[in-house]
Each structure stands twice: as structure tokens, then as C-alpha cells.
Amino acid sequence: MRWLVAVLLVLAVTPAEAQQIAVTVTEAVRRSLQVQPAMVQARGDESNADMQRLAAIGAFIPTVGVTSTAFRQSKPSIVNGLPAQQGTYQYSTGLALNLDIFDGLRRVQRFRNAAATVAAADAGYVNQRFQVTLQTKQAFYTALANDELVRVADAQVKRAKQELQISIDKLHAGSATRSDSLRSTVDYGNARIALLQAQANLATAQANLGRQIGVDGPVRAIADSVLPGLPDTTGLRAAAVANSPQVTQAQAQARAAAATVWDQRSQYLPTLSVSYNTSSQGFNEPWQGFDLPNRNLNSLRFTLSWPLFNGFVREQQQTSAAVQRDVAAAHAEDTRRLVNAQLTQQVAVLETAVEQISIAQDNLAAATEDLRVQNERYRVGASTILDLLTSQAALTQAEVNVVQTRFNYLIARAQVEAVVGRTL
């Protein structure tokens, strides 16, 4: 019992951060692909498209129907030329087969429409997978960047506190003015405010990451040990324009719309169908066979149907389908141009981010050395507190820039992957 109480006390005083779920970017993407509503919808669209294609194939197969009834005589009667006493049971069983021999090629066009819809759904699933991956990486890297910014703000607080102590010591020694200690106090207060804001931003980012991957609570992002290198963009444009999921989906939707136009045109042609029916009625139960005295009937019918005029309904439907076809074709062309433009933009951002990382790291090294020099100069009275605070602000900004440039690079890389629809 004492051990149980001790465990409960430990859990009660354990910080909330220690109980957080921590995930890598790979784990975060895997979780989000399972729980995001957009992915559930994309998988549902694929299932619906597959069933639409199956139904289009089934239109080439005869439909089969079976009927069976049983009833009891309330009065004596004559059935199939034989007397039927009161209370006698009669059974009726039938089998029907129907098939359209020619329907103006409507079934062919509907199969083409279904096949194109399947292709569009498959491409839509791939596109949605990369869009969700991009959203997850954005949430993950935002949480990761805010985590690093908290450490930057914490380091800023420690430096400001140290400088405040130095200015107070110099004031007591008579080698600094009251203004120096006041400026250091203000700088220390500003650093604490910045730390509180960074912590609030981190809590928000971790909560958003948790929601993205289906966790009820904040989630901590675990950084990769190595920053991924710059991907090879040679030949990427041609592959993206030809095989991007967005382009593939739009082109498949255009093909489906074109097939719908021909489907509507088939209404101007006649329909020839065949049906075969066989039935049996009498005293024998269906499981005992259909021999005499049952009455057995067989029929084979050919039906020709050709609507000559239906109040311009066909014309209205064909015009509507043609408009949708033209819109889908224009959308496919615009999507191709959009992917081309997006790739140009994101590759430029990616290459720029690489250069920015190098510059930011050089600036950080220079700002670190500058602050060290200013600290020594201030200690010996060779510089003012304003020079020291300026160097400190420059170092803090350099640290923030390093975090931001790394974040920009990772997001730009994820955006390029989302555009081309493949992992680089």
C-alpha cells in the first residue's frame, strides 16, 4: 500500500511535459494518414469508383431474377384442369433473365467513364496523401521550430540575467552608472517576456501537432539527427508535369466527362433487349421439381425501343454534359500550368533556403564572437552597456534566423514533394 501511494505521488508531481507523446516526422506522417478525414474520404472515393467500374462491367451480363410464392385455397377450385380442395396449397415459381443486346453503346461509354473515374480516384488518393503529409510536416516542423525558439529565448534570459548581474556589480564598484543597471533590468524583463511568448507558441504548436496525428493532447516533435540534403531537381519538371497526381487526376476527370457526353448521345439510338422467362405453377413444391400436374411456361422475347422525341430532354442533357466536358478539359490544362508554376516557385524557395542556412550559420558564429568581445570590453570599461545590449540582440536574432532558415528549408522540401507527388 505504501508503494502504491508513493507511485501515485510521483505521478501527481511529474511534469506534464514528461508524460507527453513524442514522435518523429515519419511516425507523425504515418499516424496522420490513418486518422485525417481527408484520407478517409480519399479511400472512400476509391471504393466508390471501384464499385462503379464493377457495375459498368455487370451491365454486359444478363440480370437474373427468381420468384417463388405459395398460397392456400380457401375454397374448392379447378387448377390446371384438376380439382383443388379447400386447404390445398399451390406454388408458383419463376426464373427471368434480361440482357440488352444493343443500347447505343451506352454501356461502353459508361465503362470508359468508370475506368476514368477509378484513375481519377487513385490519383486523388495519392495527391491527398501528399497533401496530408505536407500538412503534417508543417505542423511537425512548426512544433520543432518553436521548441528550438524556446531554448533560444531561455538562453537569452540567462545572458540578460548575467549581464544584469555584471552591471549591478560594476555599479557597486563605482565603474558603471545607474542607467546601465536600469537598461540591463529592462533587457532582462524583455527577455523573460519573450520566453513566455515562446513557451505559449510551443504549447499551441504541440497541440496542433497532436490534433493532426489524432492524439488528444500536446505532442512533442523529435528532430532528426541530420538535416536532409538538397534533392536532385534535374528532370524533375518534366516528371512533375507528366506524372503529378494533380495533373493525372484532372486529366482522368476530363476523360470521364468526355465519356459522359457520348453516353448522352447514345439516347438517340434504339435499344434492343432480349428476355427469357420460365415459370411453373401447381401443387408440387419447388424443391420437388416441376413435373405434371404443374403448369410450366417458357417465353423468349426480343424488344426494340427507340424514343423519337422526349421533349428535348436528350438535348438538354447532352448540352449539360458537353459543358462539363469543356470545363473539365480547361481545368486539366490549368492544373498542368499550375503544377509547373508551383514547382518553379518551390524549387526557387528550396535553393534559396539552402543559401540562407549557410549565411545564418556564419552570422551566428560572428554574433557569438562579437558578444564575447563586447562582454570583455564592458568588464574592463572599454564599451558601454548599449554596445553590449546591441550585441546581445544581434546574437539572439542570429539564433532565431538559424532556426527559421532550417524551418523554411524543411517546409520547402515538403512542398516540392507535394507538388511532384513523390518522396525526394
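A: Happy to! This is a predicted model, so let's begin with confidence. The lowest confidence in the chain is in helix α1 (residues 2–13), with a mean pLDDT of 43, while the highest is in helix α3 (residues 37–58), at 93.

Q: What about the stretch over residues 1–18, how many contacts does it have beyond near neighbours in sequence?

A: It has two such contacts in the model, and the pLDDT there is below 50. Where pLDDT is low, the predicted coordinates should not be read in detail.

Q: And what's the mean pLDDT of the chain?

A: The mean is 85, and 92% of the residues reach 70 or more.

Q: OK, new topic. How many residues does helix α7 have?

A: Helix α7 covers residues 245–265, which is 21 residues. From first C-alpha to last it reaches 31 Å, close to the expected 30 Å.

Q: Which residues in α7 are buried?

A: Quite a list! Among them are Pro245, Val247, Ala250, Ala254, Val261 and Asp263.

Q: And what do the buried residues of α7 pack against?

A: They pack against α4 (106–173), α6 (236–243), α8 (313–379) and α9 (385–420).

Q: How does the lining of the largest pocket split by class?

A: There are 14 nonpolar, one polar and six charged residues.

Notes:
Residues numbered from 1 in each chain as written. Predicted model: local features only at pLDDT ≥ 70, side-chain atom pairs only at ≥ 80, totals over all residues. Heavy atoms only, no water. Helix = DSSP H or I, 4+ residues; strand = E, 2+ residues; numbered from the N terminus. Expected span 1.5 Å × (residues − 1). Buried < 20%, exposed > 50% of the residue type's maximum accessible area, 1.4 Å probe, protein only. Contact = heavy atoms within 4.5 Å. Nonpolar A, V, L, I, M, F, W, Y, C, P; charged D, E, K, R; others polar. pLDDT = per-residue confidence, 0-100.
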